[in-house]
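Here is a short tour for you to follow with the sequence and the model side by side.

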Amino acid sequence: MALHRLFQLSSVLRSAVTLTLRRNIGISAVLFNRAKELDPVQKLFLDKIRDYNTKSKSSGGIVDAGAAYQKNLSEEVSKLQRLYGGGDFAQFPDIKFTEPKFETVEQVTR
């Protein structure tokens with residue numbers, strides 16, 4: 001009987017220790033990956049994204065957009081305005097929901 005209790009206790013302890021180690025290893029792996037340097041391809045990719053972000057903020061829109069892009073954009077916007085009756089497509093529409101009116105129905109008991 002005592003041996004059976006010992007085996008039950010050891011299995012509970014083993015599962016608790018396994019869970020704790022798994023969590024600690026997972027957290028330490030994330031911290032270790034943040035601490036080490038990026039490989040050159042990742043660094044180049046992140047540098048290009050940051051560079052595009054600064055160019056985008058300075059130009060106020062699409063980077064290196066030429067006259068052909070602006071012409072195509074204005075043609076597509078005019079098509080949409082013709083199809084959907086105009087409006088400002090650069091702004092999210094203002095949607096208003098009205099509260100439905102419910103009628104009370106008296107229940108007849110028999």
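With which residue does Arg50 form a salt bridge? The partner is Asp47, and the closest N and O atoms of the pair are 3.9 Å apart. The sections below set that contact in its surroundings, in what is a predicted model.

## Overall layout

The protein contains 3 helices and 0 strands, so its pattern along the sequence is simply written as α-α-α. Of its 110 residues, 1% count as buried. The accessible surface amounts to about 11200 Å², and carbon and sulfur atoms account for 61% of that area.

As for confidence, the mean pLDDT of the protein is 80, and 82% of the residues score at least 70. Please keep the contrast between elements in mind: helix 1 (residues 2-35) has the lowest mean pLDDT, at 69, while helix 2 has the highest, at 90.

## Helix 2 from end to end

Helix 2 covers residues 40-59. Its 20 residues reach 28 Å from the first C-alpha to the last, which is close to the 28 Å expected at 1.5 Å a residue.

At the start of helix 2, a side-chain oxygen of Asp39 comes to within 3.0 Å of the backbone nitrogen of Val41. At the other end, the helix is followed by Gly60, which has a positive phi near 80 degrees.

Side chains of opposite charge can then pair when their charged atoms come close.

How exposed are the residues in these pairs? Asp47 is partly exposed at 35% relative accessibility, and Lys43 is partly exposed at 43%. Arg50 has a relative accessible area of 52% and counts as exposed, because the cut-off for that class is over 50%. In the other pair, Asp51 is partly exposed at 34%, as is Lys55 at 40%.

## The loop between helix 2 and helix 3

Two residues are worth a stop in this loop. Ile62 lies between helix 2 and helix 3 (67-84), and with a relative accessible area of 47% it is partly exposed. Ile62 also takes part in a nonpolar patch on the surface, alongside Tyr52, Tyr69 and Leu73. The accessible area of these four residues together is about 380 Å².

Asp64 sits in the loop between helix 2 and helix 3 as well. Its phi is near 55 degrees, a positive value in a residue other than glycine. Is Asp64 buried or exposed? With a relative accessible area of 74%, Asp64 is exposed.

## Helix 3 and what follows

Helix 3 has 18 residues. From its first C-alpha to its last it reaches 26 Å, close to the 26 Å expected at 1.5 Å a residue. Just after helix 3 comes Gly85, with a positive phi of about 80 degrees.

Key. Residues are numbered from 1 along each chain as its sequence is written. Side-chain values use heavy atoms; hydrogens and water are left out. Helices (H or I, at least four residues) and strands (E, at least two) are DSSP runs, numbered from the N terminus. Buried means under 20% relative accessible area, exposed over 50%, partly exposed in between (1.4 Å probe, protein chains only). Accessible areas come from the Shrake-Rupley method with a 1.4 Å probe; for residues, only the protein chains shown count as cover. Patches are made of residues with over 30% relative accessible area and no salt bridge: like charges are joined within 9 Å, nonpolar side chains (Val, Leu, Ile, Met, Phe, Trp, Tyr) within 5 Å. A salt bridge is a side-chain nitrogen of Lys or Arg within 4 Å of a carboxyl oxygen of Asp or Glu. The expected span of a helix is 1.5 Å times one less than its number of residues. A polar contact is a pair of N or O atoms within 3.5 Å; within protein, one must be able to donate a hydrogen and the other to accept it, and residues adjacent in sequence count only if both atoms are side-chain atoms. pLDDT is the predictor's confidence in each residue, from 0 to 100.
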